[in-house]
Amino acid sequence: MTSHAQRTRRRVRATAPGRARTGEREYGGTGPTGAGARPEERPSPEPSSEPVVGREAEAALLTRLVATDPAEGPSPGPLSEVLLVSGAPGSGKSTLLGLAERAAREAGRRVLRTVGSASERHLGFAGLHQLLRPVVSGPAVESLPPRQRSALRAALGLTPPHATMPPGDRPGNAPGDESGTAAGTPAPQDAPPPPTALVALALLDLFSELAATAPLLVVVDDAHWLDHGSLDVLAFVARRMADDPVTLLVGVREGEPLPGFDREHDRHELGPLDAESAHLLLDAQPAPPEGRTRMRILEEAAGNPLALVELTRAATMSATGRAAAGDHAPHATHAPADGPLPLTGRLERAFAGQAATLPAPTRDALLLLATADVSDPAATVSAGLPEADDPAWVPAQEAGLVRQSGRTVAFRHPLMRSAVYHAAAFADRREAHLTLAGRLREEPDRRAWHLAAATLHPDQEVSDALRRTADRAARRGGHAAAAAALERAAELSPDRETRARLLVDAAAAAVLTGQLSWVGELAARARAATEDPALATAAELATGRLLALTNRHTPAFAFLARVAREAGEDAAPLALEALATAAVVGYYSGEESQRTQVAGLLPAPALPDHPSEVLPRIWVRALTDPVGSRAELVPALPGLIDGAEGDPERLTVLAIVAWLLDETPLAVTTFEGAFDRWQTFGPVPPGLGGAAGWAYFERGRWAQALTVASDMALLAGAAGLDHALGCAAAVEATVLAVRGDAEGARARAARALAAVDPLESRSVAVTAWRALGLAAMAEGDHEAAYGCFRSAFDSAGEPVHYHASPPVLPELAATAARADRREEARAVVERMAPWLGAAPSPRASALLSRARALLADAGEAEPHFLAALADDAVEHWPFERAQARLDYAEWLRRQRRIAEARSLLASALETFRRLGAEPWAERARAELRAAGAPVSGPAADGLARLTPQQQEIVRLAARGLTNREVGEKLFLSPRTVGSHLYRAFPKLGVTARSQLRDAVGDAVR
């Protein structure tokens, strides 16, 4: 009777000549590279050309994704694709990515590739350096705008991280050079890190440049081991590259978080192979197992391709060993008799067992390779490893542990590297680290980490080397790398107080990674290592700052309030910082008792003379009592803003204060000054971006509001900060609602509410409910809209959030008037009037008057309408002003005062059209028609159809700026600017650049 193995073996050999491999990182020799691959861009090693078994569907999917003929032209949808391929170790991710890479080259695509490395996770932008190594000296990088080019080179360690560099500056020394500078140029000690956002923009434009001549495939394997800096910029690019023929394939281990990619992109999960595929894969091995051995391998491998392959190999070696000892030679492999087959962790021991039988020179070379753990061929050579053609590698290749391609030798799978490293005695590993440290004197960061790995006892020199590594990482924007280096530096410092100080610095750096448990651990260790109360307070404050950015507002507030109360005189400035952060938490939560506690803990005077205390005290006052502090704080703001010039954090704080006090025009101009500086120093922290989004929305600059929200979501997603994600989604939902995209608004609002606990994050909850109400209002469902707006106030009519609820009043009134809920809404409005203060801001006064007008009896409404429109300062809130005009005009028309209504309606319609508020524009058109005025149909206003970035480009181009000048302002390449304009012209109904001014006017401000 023909066995299953015999039947399937014939099928495999008929369709898959050669040895098939699945579930292992494996590369073939020199296959065809395709016309689009330049020799200097060919990664080493090359992907395998051997077929896969059991993953045919996935292979076909990736091949279709990457092998589209570039001559076919762009598809109607986005040109780019992003796909995550995830699975357990050994499931075949790397094999499939290698197959896609080869298919892309054969189709004429350009390919860039990087592989995450566990030992390089602490090296800032190590993955980005590996990815861009083939092109970093090429013309595409040279064509980037100067600031982008400088930031990218600084991130890669090629130049000092200055904010700007003359275009003629040369790249400088190799990455990791101790000086971190261009040749002959001293690096200033206070040189700021390159902003991650600017590095990301540079990468985005670089991909665009590279894809201009041939579609680009970017492969990121083992992304879970990628350093944070590289992962952040790749996530940024993945969200924004829809306009270019770029495909991004990301391989990630199952269950591993991938910040920035977890929510936005398609993911293909590689599950276990089914029984038929598992049999086929076993039959494809050189010595297919039979009988009991086959059944045991199938049972214990549980469909894992790598386990199927390696357990078969282990069984073969076991049988070969017995035969060499005098046992009969088996026809097929047999399972070892001593217990179950190795799996997962035991699989690593099986790999190490193969290495143990190799000659001593081979074992030494393998341990050195495992200790170096580098994928970059140049770095491998610089580490002093044997050349690829060295005889020492031959036994390891024959054993299947490593694979050679060109000048590179690499482990076939990361588990093999781990097995070889951990199977060695510590003394041997230490000697390997010291050997590498001695050979890497020109790469101080890697050298420092190797020295640290070889050091058991405190060592000041090694600690100092790691501290310098942390400084370089921080200057390059690698906060996780800096925190890890500082942590290890503290462990190796012989001085207790120095150890505590380094741990505090590590905790402060780790705050920007969003890893709360790590920050808490570092802070606890710092407190245990010091008797200095100021250091202990600083350690706790680091934990509190990160806790404040989560959605755990009740414990965050309690923690920060305790730090503020218990700090002694020596830590008084830190106590004030803790109180300022607690005030932020109190704002997020909207909890009245928290506002009261903060106010009680803030010592007088309100505006002291000491400069270091002025800003924190103003911040606390504005956050906790924006109405009561307005009269005192508003006159002081201009002088404070002038005095903060050049400091992005101070400017951002003052901009938020201005927004809280209803000084939105001042807030917007201050935000713009702050953002100009943040582009030099780094991205705006996600906890500070929400106020900017709302300020831009109120000012009528909706495209910029969406841009701020998108950037905020990117940073918050990378750090796992759910409250900031919820705030960003609420801003997006509100803009989409007023533009008439009700479905999109509801989706974003649902995302905002899912990200937070509405009782813990009332500021997000109220704004999300308002967005849902605006979406229903845009669709004419006034009953549903009223329910959403009513949720911003409790059953007694009190505000759910003291700052977010009051702006909802006129919308509550407008829908109540149409849903026959006047009495209930009138009670809420009058209950809210005292909350706005005895001398409310012009905006608050206008909102209250408009709400009263909408709910008043017909004969009593006009004074309130006139009050709502009396102050011209409210023109700075264009949407609210246009709504007031529309409401008053509707009332006038119903009073048969048609002529008066027409001018108000025409003004409101112009504003709605300019903003892109189509539902409200349609209401204004209907009223104008009813008033007997000729009205054209919906405006062919293409601005609302442009992306936020396209709107900004069009606005600048309409002012007469060239593509290069626009690119320099927006940190884009001229090619990208031209591409956006090319796509924007048809939407705007223009055919030439000279027509932009007439078509756009001042529509995008």
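Buried means under 20% relative accessible area, exposed means over 50%, and partly exposed covers what lies in between, with a 1.4 Å probe and protein chains only. This tour applies these words to a predicted model, in which local features need pLDDT of at least 70, side-chain atom pairs count only at pLDDT 80 or more, and totals for chains, interfaces and linings use all residues. Residues are numbered from 1 along each chain as its sequence is written, and side-chain values use heavy atoms, with hydrogens and water left out.

**First stop: Tyr 802**

Select Tyr 802, which is buried at a relative accessible area of 9%. Rings of Phe, Tyr and Trp (its six-membered ring) pair if their centres lie within 6.5 Å; planes under 30 degrees apart count as stacked, over 60 as edge-to-face and the rest as tilted. The search of the whole structure finds nine aromatic pairs. In one of them, the ring centres of Tyr 587 and Tyr 802 are 5.9 Å apart and the planes stand at 90°, so the pair is edge-to-face. Tyr 587 belongs to helix α25, whereas Tyr 802 is in the loop between α37 (782–790) and α38 (809–818), 215 residues apart. Helices (H or I, at least four residues) and strands (E, at least two) are DSSP runs, numbered from the N terminus. Tyr 587 is likewise buried, at 10% relative accessibility.

**Second stop: salt bridges**

A salt bridge is a side-chain nitrogen of Lys or Arg within 4 Å of a carboxyl oxygen of Asp or Glu, and the whole structure has 50 of them. Select Glu 577 and Arg 545, whose side chains meet in a salt bridge at 2.1 Å, N to O. This pair links helix α25 (residues 572–589), which holds Glu 577, with helix α23 (residues 533–549), which holds Arg 545, 32 residues apart. Glu 577 is partly exposed at 29%, and Arg 545 is partly exposed at 35%.

Move to Arg 843 and Glu 698, a salt bridge with its closest N and O atoms 3.5 Å apart. Here helix α40 (residues 842–855) carries Arg 843 and helix α32 (residues 686–698) carries Glu 698, 145 residues apart. Arg 843 is buried, with a relative accessible area of 4%; Glu 698 is buried as well, with 11%.

Select strand β1 (residues 81–87). How many of its seven residues are buried? Six are, so β1 is largely enclosed by the rest of the structure. Two strands pair if DSSP finds at least two bridges between them. Seven bridges join β1 to the parallel strand β4 (residues 246–253), where Val 82 stands opposite Leu 248 and Leu 84 opposite Val 250. Five bridges join β1 to strand β5 (residues 266–270), also parallel, and Gly 87 stands opposite Leu 270 there.

Widen the view to the open sheet of five strands, in the order β2-β3-β4-β1-β5 with parallel pairing. At its edges stand β2 (110–115) and β5, each with a single partner strand, so one side of each is left without a neighbour in the sheet.

**Last stop: an aromatic cluster**

Finally, select Trp 694, Phe 697, Trp 702, Phe 879, Phe 912 and Trp 920, which form one aromatic cluster.
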